[in-house]
Amino acid sequence: MTATIEEIRAILKQLAQSQQELSQAQKETDKQINRVSKQIGELGNRLGEFVEWQVRPAVVRLFQERGIDVHEFHPGISVKRNNEGLEIDLLVVNDTDAILVEVKSKLTQRDVDEHLQRLAKFKRLMPRFRDVKALGAVAAMIVPNEVASYACRQGLFVLVQSGENVIILNDAEFTPRVW
């Protein structure tokens with residue numbers, strides 16, 4: 001059985017129409033995926049803000065209990081200097097000490113490594129703190145054991161959620177690294 005030219009044209013027209021419909025459906029699916037991705041990102045940011053608000057009230061007290069007499073904290077520090085930038089979630093200070101606290105909902109080794117880089121450029125980008133002892137801390141609602149151990153080995157304080165409180169996970173013998 002042989003198809004006529006008109007039948008072939010009709011089939012090709014149907015195929016082209018089906019292709020257009022599929023293309024339009026794909027565009028709509030892509031839009032929906034982008035909307036959901038944006039909403040998930042916003043939720044992640046909100047969760048990070050929630051963790052930061054949990055850490056804020058406790059951070060000064062926690063470090064004072066560790067013998068570091070800090071008395072003020074500054075949230076959301078952002079610095080731009082010489083085409084370089086630095087963002088600090090919480091900066092806890094006194095006249096001789098500055099503790100840079102990175103806050104995450106779930107802490108990863110990459111987060112720890114990025115915070116170490118932040119600490120390395122802190123005094124250069126914020127020279128008014130060049131004469132203080134700079135320390136580092138990471139805080140999160142979820143901290144896998146291997147990430148907590150890694151952060152401790154790097155000389156960082158590790159703050160975690162414990163019930164209704166935030167605690168410092170490092171033991172009493174822990175000696176923080178100084179930058």
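Accessible areas were computed with the Shrake-Rupley method and a 1.4 Å probe; for residues, only the protein chains shown count as cover. On this basis the protein exposes about 11600 Å², and carbon and sulfur atoms supply 50% of that area. The model is predicted: local features require pLDDT of at least 70, side-chain atom pairs count only at pLDDT 80 or more, and totals for chains, interfaces and linings use all residues. Residues are numbered from 1 along each chain as its sequence is written, and side-chain values use heavy atoms, with hydrogens and water left out.

Buried residues make up 36% of the 179 residues in the protein. Here buried means under 20% relative accessible area, exposed means over 50%, and partly exposed lies in between (1.4 Å probe, protein chains only). Contacts are heavy atoms within 4.5 Å. Among contacts between residues at least 6 apart in sequence, 54% join residues at least 24 apart.

The protein has three helices and six strands. Both kinds of element are DSSP runs, numbered from the N terminus: helices are H or I with at least four residues, strands E with at least two. From the N terminus on, the order is α-β-β-β-α-β-α-β-β.

The six strands form an open sheet in the order β1-β2-β3-β4-β5-β6, with mixed pairing. Two strands pair if DSSP finds at least two bridges between them. The edge strands are β1 (72–81) and β6 (165–168), each of which pairs on one side only. Neighbouring strands of the sheet are turned by 35° against each other on average, direction ignored. Axes are lines fitted to C-alpha atoms, for helices over the stretch in contact; angles run from 0 to 180 degrees between N-to-C directions. Strands of a sheet pair through backbone hydrogen bonds, either parallel or antiparallel. Both senses occur in this mixed sheet. β1 and β2 pair in the antiparallel sense over nine bridges. In that pairing, R81 stands opposite E84 in β2. Strand β3 (residues 97–106) and β4 pair in the parallel sense, over nine bridges. I99 stands opposite L135 in β4.

The hairpin of β1 and β2 has two residues between its strands. Most residues other than glycine have a negative phi. N82 has a positive phi of about 50° although it is not a glycine. N82 sits in the loop between β1 and β2 and is exposed, at 68% relative accessibility. N83 lies in the loop between β1 and β2. Phi of N83 is positive too, near 60°. The relative accessible area of N83 is 87%, which counts as exposed.

Helix α2 lies across β1, β2 (84–93), β3 and β4, and runs at about 95° to β2. H115 belongs to α2. H115 is buried, with a relative accessible area of 0%. Neighbours within four places in sequence aside, H115 is in contact with L100, V101, E102, G136, A137, V138 and L156. H115 and L156 are 41 residues apart in sequence, yet 9.4 Å apart in space, C-alpha to C-alpha.

In helix α3 (residues 145–153), V147, A148, Y150 and A151 are buried. Seen down the axis of α3, these buried residues fall within an arc of 160°, so they line one face of the helix. The arc is that of the directions from the helix axis to the C-beta atoms. The face turned away from the buried side carries the exposed residues N145, E146 and R153. The buried residues of α3 pack against α2 (109–125), β4 (133–142) and β5 (157–162). G155 follows α3 and has a positive phi, near 90°.

A search of the whole structure finds three aromatic pairs. The rings of F63 and F157 have their centres 5.1 Å apart and their planes at 75°, so the pair is edge-to-face. F63 lies in helix α1 (residues 5–65) and F157 in strand β5, so the pair ties together parts that are 94 residues apart in sequence. Rings of Phe, Tyr and Trp (its six-membered ring) pair if their centres lie within 6.5 Å; planes under 30 degrees apart count as stacked, over 60 as edge-to-face and the rest as tilted. F63 is buried, with a relative accessible area of 0%. F157 is buried as well, with a relative accessible area of 3%. Ring pairs link F63, F157 and F174 into a cluster.
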